[in-house]
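Work through the two exercises below with the model open. Each task is followed by its solution in steps.

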Amino acid sequence: MLVTGLEILKKAREEGYGVGAFNTNNMEITQAILEASEAKRSPVILAMSEGAIKYGGGYLARMVIEAARDARVPVAVHLDHGSSYEAVLRALRLGFTSVMIDKSGEDFETNVAETKRVVAAARAVGVSVEAEIGKLAGVEEHVAVDEKDALLTNPREAQIFAERTGIDFLAVAIGTSHGPYKGKGRPFIDHARLKEIAELLPGMPLVLHGASGVPQELVERINRAGGNLKGAQGIHPDDIRLAIQGGISKINTDTDLRLAFTAAVREVLMEKPEIFDPRKILGPAREEMKRVVMERIELFGSAGRA
Ligand code: TD3
Ligand code: ZN
């Protein structure tokens, strides 16, 4: 059933578990996410970026929303990293039940003002809003400590931002980054900073972007089957568990599904050179992604919560 993002995340925050927001841009990914969530009796968030909406056209977005309606678990359809008021309005018109406006790259006052406009529009049609404060990308090991501090979310600023904008959930920067290269060894996650933010924003569901685990087993399979993903590294499962305890309710995962898809497709094409039926190539990829989503659901603690 299709529900708002807040309906899913409010309960998650109160009961102390995380819910996965998995990115989709085609039918097989959508099916993998929903089949896994139904199998685990877990609520779930289907995320689409502007790029994904553009790639698939309006009918892909409508298909994703239809699939969410048909699902036997609560599903929110969410705009990921909306870049403008106009992009949010397009998502609202398509029927999304949750939107993110990401003006974290702008100065604080611009971020507040733009986010407020989106909250006003979304509120009018009962849709939940996520916004971001702090910067995710570029938190590399060679960045100096004081620079790092400037990039990560400032707890007091987060509190003021949430009060002034009226958002429903807040994305924070605590050391994660997008994509398969998140740092060397175990990337540092600033749990102390998260604790401060959560204390200043009691009850507010917090969002962790760039949270993929980048399973080494998948990286190795991709590399063995002709890929090249040297040095890929994700967020440690213990850091995900700790972050959920610390107030994170929505955990964004895209890279892990891309890796699962790529591993399966590479292996099928390499091991079965006689096949040419798209279903025989994409079917195994769907199964591999489903397996990854089920694992993530177990890690987040959302199994059985639907
Ligand atoms: O917002 N997203 C998904 C889009 C990022 C492109 O991969 C995330 O925060 C997912 O992060 P991750 O760790 O899966 O790249
Ligand atoms: Zn993100």
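A residue is called buried under 20% relative accessible area, exposed over 50%, and partly exposed in between (1.4 Å probe, protein chains only). The model is predicted: local features need pLDDT of at least 70, side-chain atom pairs count only at pLDDT 80 or more, and totals for chains, interfaces and linings use all residues. Residues are numbered from 1 along each chain as its sequence is written, ligands are numbered from 1 in the order in which they are written, and side-chain values use heavy atoms, without hydrogens and water.

**Exercise 1.** Describe the protein donors of the zinc ion (ligand 2) and the arrangement around it.

Step 1. Donors are N, O and S atoms within 2.8 Å of the metal (3.2 Å for Na, K and Ca); water is not among the atoms, so sites may look incomplete. NE2 of H81, NE2 of H178 and ND1 of H209 lie 2.1 Å from the zinc ion.

Step 2. Their spacing in sequence is H-x96-H-x30-H.

Step 3. H178 is partly exposed at 45% relative accessible area, and H81 is partly exposed at 22%.

Step 4. Ideal angles for six octahedral donors are 90 or 180 degrees.

Technical notes: Four donors count as tetrahedral if all angles lie between 85 and 135 degrees; four count as square planar and six as octahedral if opposite donors are over 155 degrees apart and all others between 65 and 115; anything else is irregular.
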